[in-house]
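I opened my notebook beside the viewer and wrote down what I looked up, one entry at a time. Follow along if you like.

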Amino acid sequence: YRGSESTFSDLKVDHYAYSAASLSIDLGFLELDDIRTTTFDPSGSITGLEVLSMIRRMQESFRSEF
């Protein structure tokens, strides 16, 4: 994600967490705080329910079916 234009209004490309945030959004693990303004809010808080939802999505993405 380096060298690309920032897709977040509040997170610049040179921020240490930009690549991780972009990848997490692309994989569907995280969601934008406000989709209309493309705000990510890297300093914001999240609820326990949101964390459990993220963990569940990660588990499902790593689950392999035979």
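**Entry 1: a serine in a helix**

I began with serine 22, which sits in helix H1. Keep in mind that I am reading a predicted model. Is serine 22 buried or exposed? I found a relative accessibility of 4%, so serine 22 counts as buried, the cut-off for that being under 20%. Next I looked up its contacts. Leaving out residues up to four places away in sequence, serine 22 touches Tyr1 and Phe8. Phe8 went onto my list for the next entry.

**Entry 2: aromatic rings**

How many aromatic pairs does a search of the whole structure find? My search came back with 2. Before going on, I reminded myself that a pair of aromatic rings is described by the distance of the centres and the angle of the planes.

I took phenylalanine 8 and tyrosine 18 to begin with. Their ring centres are 5.7 Å apart and their planes stand at 75°, so I noted the pair as edge-to-face; the angle has to be over 60 degrees for that word. I also checked where the two residues sit. Phenylalanine 8 is in the segment before helix H1 (18-27), tyrosine 18 is in helix H1, and the pair links these distant parts of the chain, 10 residues apart.

Then I turned to burial. Phenylalanine 8 has a relative accessible area of 5%, so I wrote it down as buried. Tyrosine 18 comes to 1% relative accessibility and counts as buried.

The other pair joins phenylalanine 8 with phenylalanine 40: I read 5.1 Å from centre to centre and 45° between the planes, a tilted pair. Where does phenylalanine 40 lie? I found it in the loop between H1 and H2, 32 residues from phenylalanine 8, which is in the segment before H1, and here too the pair links distant parts of the chain. With a relative accessible area of 15%, phenylalanine 40 is buried.

Putting the pairs side by side, I saw that they link Phe8, Tyr18 and Phe40 into a cluster.

**Entry 3: the nonpolar core**

Which residues make up the largest nonpolar core? I listed 6 residues: Phe8, Leu11, Val13, Tyr18, Ala21 and Phe40. The ring cluster of Phe8, Tyr18 and Phe40 is therefore part of this core.

**Entry 4: a salt bridge**

I counted 1 salt bridge. Arginine 57 forms it with glutamate 31, and the closest N and O atoms are 3.8 Å apart. Which parts does the pair tie together? Arginine 57 lies in helix H2 and glutamate 31 in the loop between H1 and H2, so the bridge ties parts that are 26 residues apart in sequence.

I compared how open the partners are. Arginine 57 counts as partly exposed at 26% relative accessibility, whereas glutamate 31 is exposed, with a relative accessible area of 61%.

**Entry 5: the loop between the helices**

I stayed with the loop between H1 and H2 and looked up threonine 38, which is found there. Its phi is near 55°, a positive value in a residue other than glycine. Threonine 38 is at 28% relative accessibility and counts as partly exposed.

Aspartate 41 lies in the loop between H1 and H2 as well. Its phi is also near 55°, again positive in a residue other than glycine. I noted a relative accessible area of 34%, so aspartate 41 is partly exposed.

Aspartate 34 has its place in this loop too and is partly exposed, with a relative accessible area of 22%.

**Entry 6: a patch on the surface**

Which residues make the nonpolar surface patch? I wrote down Ile46, Val51, Leu52 and Ile55, which give a patch of about 350 Å². Leucine 52 is found in helix H2 (residues 48-62), and at 56% relative accessibility it counts as exposed.

Conventions
Residues are numbered from 1 along each chain as its sequence is written. This is a predicted model: local features need pLDDT of at least 70, side-chain atom pairs count only at pLDDT 80 or more; totals for chains, interfaces and linings use all residues. Side-chain values use heavy atoms; hydrogens and water are left out. Patches are made of residues with over 30% relative accessible area and no salt bridge: like charges are joined within 9 Å, nonpolar side chains (Val, Leu, Ile, Met, Phe, Trp, Tyr) within 5 Å. Accessible areas come from the Shrake-Rupley method with a 1.4 Å probe; for residues, only the protein chains shown count as cover. A salt bridge is a side-chain nitrogen of Lys or Arg within 4 Å of a carboxyl oxygen of Asp or Glu. Helices (H or I, at least four residues) and strands (E, at least two) are DSSP runs, numbered from the N terminus. Buried means under 20% relative accessible area, exposed over 50%, partly exposed in between (1.4 Å probe, protein chains only). Rings of Phe, Tyr and Trp (its six-membered ring) pair if their centres lie within 6.5 Å; planes under 30 degrees apart count as stacked, over 60 as edge-to-face and the rest as tilted. Contact means heavy atoms within 4.5 Å. A nonpolar core is a set of buried Ala, Val, Leu, Ile, Met, Phe, Trp, Tyr and Cys residues joined through side-chain atoms within 4.5 Å.
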